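Please read these notes beside the model.

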Amino acid sequence: MKHAKIAGVGMIKFAKPGQHLPYKQMVKHAVEAALSDANLPYSSIQQAYASYIYGDSTSGQNALYQVGMTGIPVINVNNNCSSGSTALFLARQAVASGAAECVLAFGFEEMQPGALGSHWSDRESPFDPMLKQLEIIAPQAPEGPLALRMFGSAGTCYIDTYGANPDIFAKVAVKTRQHAVLNPLSLFSHELSVEEVMAAPQIYAPYLTRLMACPPTCGAAAVIVCSDAFAKRHGIRANVDIIGQAMATDVADSWQNPMDLIGAKMTQKAANEAYEQAGIGIDRVDVIELHDCFTPNEVITYEALGMCGAGEAERLINDGDNTYGGRFVVNPSGGLMSKGHPIGATGLAQCAELVWHLRGAAGNRQVENANVALQHNLGLGGAAVVTLYKAS
């Protein structure tokens, strides 16, 4: 297996539902931006993986045909909120295995306002077993939409388990919005205070408020992955390598508490495998883009990635070790909370952000001397993908 290189990245600014272009136009802009970034014609792409969850089968082909129709394999990927990084996982595998030399991963989503819901009411939901388990392990959890129940219950479990101050969830939102102000591609660009976040309308008792949840968003992003030999032949400035990448799904004891039910154990498994592949630990990581669909998930993920020990996230947050000047800079883009979360595009937009930092091209939000980056993308149901990048 060979290291895969990032040849080019591209994304459009995400938008609220109703303020976006049709998905095939968003994809065209994002893919052409990635091709321009790599200085490659579309004819160089040998395979493509399209990620989305809200759309008919073969929507990937329909979108990509706006860029070109060259007969290449196009594979549509649906892995819930980890769809984008799953497409990247497959693209990296194709290159690393030698099956292809230049592969495109792209993702997009047209979302609707409000809480996420299923479009299939005539068959069992893949979340039914998870919700039944939640009733067993958190019988006092209030009713509510799926994501709110699961992530809200996980946040409650964290506070109950470790005795942390619930204001840590607000502090994470404040930190993330401070980062977003520096990102011209962020959906939200005004700062928040802890008091403002805590006083926002409650969306799930007892701790979750509206300003602790990411917004439904529409958008597209694209990443081109290539081999070292291909980069050299084509004169591509492919100076970012994928040095470790792992995907994990649930294991037999994943559902013993609400935190593991929303992916903590999957994240830990994927992270450990990625660290082993790369031959480095979390201490070598400079910048992180992680899946902060709700701020409790960011807190829980700190510990799952090994950034701190169990129950130590409060200290990490209060010491500023999740922002500029601390041990790690987490979500310099503004994260899902502020940049937006168009599900199929999210993992690829995370990749783009990290590539810009490793190139030294992130503008006012640049993480100084960034050399190693970590990406975490999570989907309930479930899959967690952890990717490590290194400047070369």
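1. For sorting residues, Ala, Val, Leu, Ile, Met, Phe, Trp, Tyr, Cys and Pro count as nonpolar, Asp, Glu, Lys and Arg as charged, and the others, Gly among them, as polar. By that scheme the lining of the largest cavity has eight nonpolar residues, three polar and no charged.

2. This is a predicted model, in which local features need pLDDT of at least 70 and side-chain atom pairs pLDDT 80 or more, while totals for chains, interfaces and linings use all residues. Residues are numbered from 1 along each chain as its sequence is written, and side-chain values use heavy atoms, with hydrogens and water left out.

3. One cavity of 30 Å³ or more is present (a set of points on a 1 Å grid over the protein atoms alone, where a 1.4 Å probe fits but cannot get out). The largest cavity holds about 40 Å³ of space, the volume being the space filled by probe spheres set on the points, which are joined across faces, edges and corners.

4. Residues lining the largest cavity (an atom within 4 Å of a point) include Gly152, Phe169, Tyr204, Met212 and Pro296. Helix α5 (residues 146-162) gives the largest share, three residues; helices are DSSP runs of H or I, at least four residues, numbered from the N terminus.

5. No disulfides (cysteine sulfur pairs within 2.5 Å) turn up anywhere in the structure. The sulfur of cysteine 157 lies 16 Å from its closest cysteine sulfur, in cysteine 308, too far for a bond. For cysteine 214 the closest is in cysteine 293, at 5.7 Å, also too far.

6. Cysteine 157 is buried at 13% relative accessibility (under 20% relative accessible area; exposed is over 50%, partly exposed in between; 1.4 Å probe, protein chains only). Cysteine 214, at 19%, is buried too.

Notes: 1 Å grid on protein atoms, 1.4 Å probe; cavity = no way out; pocket = protein on both sides within 12 Å on 5 of 7 lines; lining within 4 Å. Helix = DSSP H or I, 4+ residues; strand = E, 2+ residues; numbered from the N terminus.
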